[in-house]
Amino acid sequence: SIRLNALNSFLHLLTIDTPQTPQQVNYSSDREILGVLRRCLAHPPYIRQRLYEGAVEVVLSKPHMTSTLLAMLHHQFLLYFTKAASPPIDIAKCVDMSTDGHVKEPIVHLVFAMQRCVILELSRQPPTEWGPQSAVALAQCDLNALVEQVQACALDAWG
């Protein structure tokens with residue numbers, strides 16, 4: 001599809017020509033492309049799935065974008081996750097059960113992308129260097145809560 005090709009092109013732009021020094025980073029063009037990527041969150045699930053996969057590729061090649069991308073992914077995750085709920089993921093928002101189980105949100109890909117971004121950031125700097133309100137710290141906290149809640153959740157709670 002045209003949308004998928006456009007998304008792939010923008011992701012490619014973010015992953016090529018990785019600068020060697022911080023002075024060579026072109027933050028303004030990165031921010032412009034991130035704005036386009038944010039708009040992809042309103043597109044069909046297959047586009048969002050590719051966005052989530054591509055976010056990890058970008059973080060691998062441009063570490064300075066980790067916080068911004070992770071904040072974007074985390075914001076999307078919070079649309080489906082509730083800390084005090086059982087189950088913690090609103091399955092009805094992710095899968096259309098009235099039809100053939102059509103995926104409305106590729107939540108598995110979103111969680112995996114967030115987890116990979118957090119792990120990559122952990123390998124770059126210790127958590128003691130993150131502020132308590134940093135995108136990485138907030139995402140890690142909610143991912144940990146998700147794991148704890150899924151472990152404590154009864155199978156029949158998932159519907």
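**Entry 1: K62**

I looked up K62 and found it in the loop between α3 and α4. Helices here are DSSP runs of H or I with at least four residues, strands are runs of E with at least two, and both are numbered from the N terminus. The model is predicted, so I note its limits: local features need pLDDT of at least 70, side-chain atom pairs count only at pLDDT 80 or more, and totals for chains, interfaces and linings use all residues. Residues are numbered from 1 along each chain as its sequence is written, and side-chain values use heavy atoms, with hydrogens and water left out.

Is K62 buried or exposed? I read 8% relative accessibility, so K62 counts as buried. The cut-offs are under 20% relative accessible area for buried, over 50% for exposed, and partly exposed in between, with a 1.4 Å probe and protein chains only.

Next I listed what K62 touches (heavy atoms within 4.5 Å). Leaving out residues up to four places away in sequence, I found L13, L14, I16 and D30. A polar atom of the K62 side chain also lies 3.4 Å from the backbone oxygen of L14.

**Entry 2: helix α1**

I then checked the length. α1 has 14 residues and spans 20 Å from first C-alpha to last, close to the 20 Å expected at 1.5 Å a residue. The expected span is 1.5 Å times one less than the number of residues.

S1 caps the N-terminal end of α1, with a side-chain oxygen 3.4 Å from the backbone nitrogen of R3.

**Entry 3: the core**

I looked up the largest nonpolar core and found 40 residues. Such a core is a set of buried Ala, Val, Leu, Ile, Met, Phe, Trp, Tyr and Cys residues joined through side-chain atoms within 4.5 Å. Those with the most contacts inside it are L37, L51, L69, L70, L73, F77 and M114. At least two residues each come from α1, α2, α3, α4, α6 and α7.

I picked L73. Beyond its neighbours within four places in sequence, L73 is in contact with Y52, A55, L110, A113, M114 and C117.

**Entry 4: salt bridges**

How many salt bridges does the structure hold? I found five. Each is a side-chain nitrogen of Lys or Arg within 4 Å of a carboxyl oxygen of Asp or Glu.

E105 and R48 form one, at 2.7 Å from N to O. E105 lies in the loop between β2 and α6 and R48 in α3, so the pair ties together parts 57 residues apart in sequence. Both residues are buried.

D142 and K83 form another, at 3.1 Å. D142 is in α7 and K83 in the loop between α4 and α5, 59 residues apart. D142 is buried at 7%, whereas K83 is partly exposed at 44%.

E121 and R124 have their closest N and O atoms 3.4 Å apart. They are three residues apart in α6, about one helical turn. E121 is buried at 8%, but R124 is partly exposed at 35%. Shared partners also join R50, E53 and E57 into one salt-bridge network.

Methods:
Polar contact = N/O pair within 3.5 Å; in protein donor to acceptor, adjacent residues only side chain to side chain.
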